[in-house]
Structures are given as structure tokens and as C-alpha cells.
Amino acid sequence: MLSILSKPYTFVCMMYIAGACILSSNCAKSQPQRVAEKPIPVEATPTPATATAQSAPNLPPPDPTEVKHAIERVFKGAVSILTDRNPYFITGDFNGDSSQDLAVVVKPTPGKILEINDELASWTIVDPFPRPKSASKKVPYPELHAEMISRRRALVSDGDILLAVLHGFESKGWRDSQATQAYMLRGASGGKIETKARKQIVWAGNEDKLPRIWGDVIAQTIGERDGFLYYNGAKYGWYDPHTYKPESVRMVHGRVSSAMR
């Protein structure tokens, strides 16, 4: 009796074991292989240094006729080129966008002051030189009011010598018909103007001692002082190595903030 029952029991056990082996084998085959994930590259935040990593494309030397047409196209006859300066125009990547810009010495066209100073004009008037505040407390109110207005918004006068800067657009630079971003810099053409590449001015050892410089600079001598005009990402300023003070860092509500000393 025992031998009869043992055979079916043995057969059932063997079938159970075989089924378990097959199931285990299928599970092992269906399990996906692990693939090592590659780290996602982190893009660097653009800085003045990275913005000028790629220089502006090589373009033919500017022709005086092209310069004249560009100034007329953007300023609509509001300024006249001072061709008696040598040189009276230069090119460079002044705002660090890898597109060639143009700087030209100009003066207001007679009768066009209202157009030049119009708040709706397509150009921006900038006084790159900081003006000292009136020390006397007895200054008449009209003069104080005029000073406040001049600090709030730079204005051009009839006798001003200006440096008109036209920012380029893509590969054609300032020659492109879509190149319309322009600045008028007051009193910024006192001497011979010269383009100097950003890498000639800024390097690892002196970057913290200079203002934010986004592109090439316009070097010249004004009032017997050597310096240069630079673009800081918002407007143009004047750097004088004798008077410039680096930015100081201070804490404001738990955050680091920079302020001019």
C-alpha cells in the first residue's frame, strides 16, 4: 500500500520542482539589465568672460561710405560725422556679443537738439563720467533742480562732441539693417580713439580690480588722463586707473550685495 502511494507522490513532487525551476528561469530572463546613467551636463552661467570667448567674425575693413550710411540710417540726420579726427571711427566687439560694433566721433546737427534729446528716440544718451555733487548747501534751487535732472537723464547740448556707438547684429555686425541699438556718449571723444581687445585689459590676476567689462574697450586720453570706455552689460562707463575704486561687497538682509565705495 505504501509503495503504491509513493509513486504518484514522487511524480507530483518532481513536477512541482520542475515548474518552479522554469518560472525562476523566466523571471531571471525578463529582468532588465541595469544601464549606467550618464550625468546631465550642467551649462555654465554666461559671464562677461564667456560672452567674449568667441570673437566677432572676420569682416572687411570699414569703408567711410559704409560708416556714413550706417550713421544716417540709425540717427536720421540728427548728428554729423567729424571727419577731421584721425581716426574718426573704429570697430570692435564692445558689448561682447560676438558681433562687430562701430564707434564714430560726431556732433549734433544744427537745429536737431530736440530730436537728439527726445525721450522716444531710438538711441540712448549716456554721460560715462561721474559728476561730483554740489558741496555747497546754499546753491540756488534752479541750479539744484537742473543738477537733479541731469543726473536723472543725460542731455546733449549744441557744442557737445559725442561718440556714437552702434551695436552690431549677428554675423554682419553694424552693417546689418537690423543693427539699431545705439548710444550717444557725451564728452567721450577727447583724444585719439583706439580699440583694445578685452583680453588685453582683463585677465585672471586683475579682474577683481576692474569694473565689469563685457567686450572690447575704447581707449583714449581725456583731460591728459589715460583710460578707456567700456560696456558693463547695461550702459557705457569711463575707467580711469587713477580714480577708480573697485566694488566693495556688503551683506544686505543676509545676501551678498556689491556697492561702489
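Biologist: How many bridges join strand E5 to E6, and which way do the two strands run?

Modeller: In this predicted model, five bridges join strand E5 (residues 162-166) to E6, and the two run antiparallel.

Biologist: What makes strand E4 a partner of E6?

Modeller: Four bridges join strand E4 (residues 123-126) to E6, and the criterion is at least two; E4 and E6 are therefore paired. These two strands run parallel. Thr 124 has Tyr 183 in E6 as its bridge partner. In general, strands of a sheet pair through backbone hydrogen bonds, in either a parallel or an antiparallel manner.

Biologist: Why is strand E6 described as mostly covered?

Modeller: Strand E6 spans residues 182-186, and five of its five residues are buried. Ala 182, Met 184 and Arg 186 point one way, whereas Tyr 183 and Leu 185 point the other way. Buried means under 20% relative accessible area, so each of these residues falls below that limit.

Biologist: Which residues touch the most other members of the largest nonpolar core?

Modeller: They are Phe 75, Val 79, Leu 102, Val 104, Ile 116, Trp 123 and Met 184, in a core of 24 residues. The elements that give two or more residues to this core are helix H3 (64-75), strand E3 (101-108), helix H4 (113-116), E4, E5 and E6. H3 gives the most, with five residues.

Biologist: Which residues are in contact with Trp 123, leaving aside its neighbours within four places in sequence?

Modeller: Trp 123 is in contact with Val 74, Phe 75, Ala 78, Glu 115, Ile 116, Ala 182 and Met 184. Apart from the core that includes Trp 123 lies another core, of 19 residues, among them Val 105, Tyr 183, Ile 222 and Tyr 236.

Biologist: Why is Ile 222 called buried?

Modeller: The relative accessible area of Ile 222 is 19%. The limit for a buried residue is under 20%, so Ile 222 is classed as buried. Ile 222 is found in strand E8 (residues 217-222). Leaving aside its neighbours within four places in sequence, Ile 222 is in contact with Phe 129, Gly 187, Ala 188, Gly 190 and Trp 238. The C-alpha atoms of Ile 222 and Ala 188 are separated by 7.8 Å, although these residues are 34 apart along the chain.

Biologist: What makes both faces of E10 covered?

Modeller: Tyr 236 and Trp 238 on one side, and Gly 237 and Tyr 239 on the other, are all buried.

Biologist: Is Glu 170 buried or exposed, and where is its place in the chain?

Modeller: Its relative accessible area is 56%. Exposed means over 50%, so Glu 170 is exposed. The place of Glu 170 is in the loop between E5 and E6. Its phi is near 50°, a positive value in a residue other than glycine.

Biologist: Where are Ser 98 and Pro 87 placed?

Modeller: Ser 98 is in the loop between E2 and E3, and has a positive phi of about 65° although it is not a glycine. Pro 87 is in the loop between strand E1 (79-81) and strand E2 (89-92). A cis peptide bond joins Asn 86 and Pro 87, with omega about 0°.

Note on methods:
Residues numbered from 1 in each chain as written. Predicted model: local features only at pLDDT ≥ 70, side-chain atom pairs only at ≥ 80, totals over all residues. Heavy atoms only, no water. Buried < 20%, exposed > 50% of the residue type's maximum accessible area, 1.4 Å probe, protein only. Contact = heavy atoms within 4.5 Å. Core = buried A, V, L, I, M, F, W, Y, C linked by side-chain atoms within 4.5 Å.
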